[in-house]
Amino acid sequence: MTPWEAIAVFVAGVCAGGVNTVVGSGTLITFPVLLATGLSPVTATVSNALGLVPGAVSGAFGYRKELRGQRRRILKLGVGALLGGFTGATLLLALPASAFEKIVPVVVGLALVLVAFQPLITRRLRRRRASATVGAPGPDDRAPGRGDGGPLLFVGLALASVYGGYFAAAQGIIYMSLMGVLLDETLQRLTAVKNVLVAVVNTVAATFFLFVADFDWTAVALIAVGSALGGQLGAVVGRRFSPVVLRALIVTIGTVALVQLLLR
């Protein structure tokens, strides 16, 4: 790797760490840069996964205030993320890339629709629950779903984590879309949960890759340092966004990610 390539990888790591903390899709920044340095797709994928772990942890730490009161929720959803991440990492080495990448644009596109129309979907779900309630509404009727999202959210996030362990592009956007519809929380608190789940998936996938795949350790180190810095920057900037701005940012970056995936 030339000095200029090393600088490009480091800068990509900083950008990816920041984008992942606020929205997701940071992989779509680092992955093309790694390919441009001459790495094979599989080596680039596993090196990127390991390098982004510090960024995911950094982002989760940066949002620690928004994590208060969500321990039980995180523990439950984290189990699904761990199992899904391990499964996705296994599939990366067991299946041809074309087998999984064909559905990636569909998954990302659906996630963007859910994020964009989340307020409308949430209002309709609330009205439906209110109309089905006999007598005075109870505490559960304030939200479109259970406090932990119920089995639907657990299964949905577990499947999203399979995808995250495999490729990870727009993984955070998929998490945000599912939680936004099924949990009655602010986007900032959901972002905090998303960062923890991404950290879990990246860590379990990277740990698996350590035993079965070849890494470019220069790329890993550069992305690790860059993403850790970017994670802190993303946390500082991201929590200043209003829900409308944050949702618009998610949809915009997700759309760019979708176009990039379709053009690959």
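I began by writing down that a crossing is left-handed if the near helix is turned anticlockwise from the far one by less than a right angle, and right-handed if clockwise.

**Ground rules.** I noted that this is a predicted model, in which local features need pLDDT of at least 70 and side-chain atom pairs count only at pLDDT 80 or more, while totals for chains, interfaces and linings use all residues. Residues are numbered from 1 along each chain as its sequence is written, and side-chain values use heavy atoms, with hydrogens and water left out.

**Overall make-up.** I found 13 helices and zero strands in the protein; helices (H or I, at least four residues) and strands (E, at least two) are DSSP runs, numbered from the N terminus. Of its 264 residues, 52% count as buried, where buried means under 20% relative accessible area, exposed over 50% and partly exposed in between, with a 1.4 Å probe and protein chains only.

**H9 and H11.** I looked up helix H9 (residues 150–166) and found that its axis comes within 10 Å of that of H11, the two crossing at roughly 45°. Axes here are lines fitted to C-alpha atoms, for helices over the stretch in contact, and angles run from 0 to 180 degrees between N-to-C directions. H9 and H11 are therefore oblique to each other, since angles under 35 degrees count as roughly parallel, over 145 as roughly antiparallel, 65 to 115 as roughly perpendicular and the rest as oblique. Their crossing is right-handed. On the H9 side I listed Leu 157, Ser 161, Gly 164 and Gly 165, which meet Leu 197, Val 201, Ala 205 and Phe 209 in H11, contact meaning heavy atoms within 4.5 Å.

**H10 and H11.** Helix H10 (residues 171–182) packs against helix H11 (residues 187–212) at an angle of about 135°, with the axes 9 Å apart, and I recorded this crossing as right-handed too. Among the H10 residues in the contact are Tyr 175, Met 176 and Met 179, and the H11 residues include Leu 190, Leu 197 and Val 201.

**H2.** In helix H2 (residues 27–36) I noted Thr 27, Leu 28, Thr 30, Phe 31 and Leu 34 as buried. Seen down the axis of H2, these buried residues fall within an arc of 165° (taken over the directions from the helix axis to the C-beta atoms), so they line one face of the helix. After H2 comes Gly 38, with a positive phi near 105°.

**Leu 233.** I placed Leu 233 in helix H12 (residues 217–238), where its 48% relative accessibility makes it partly exposed.
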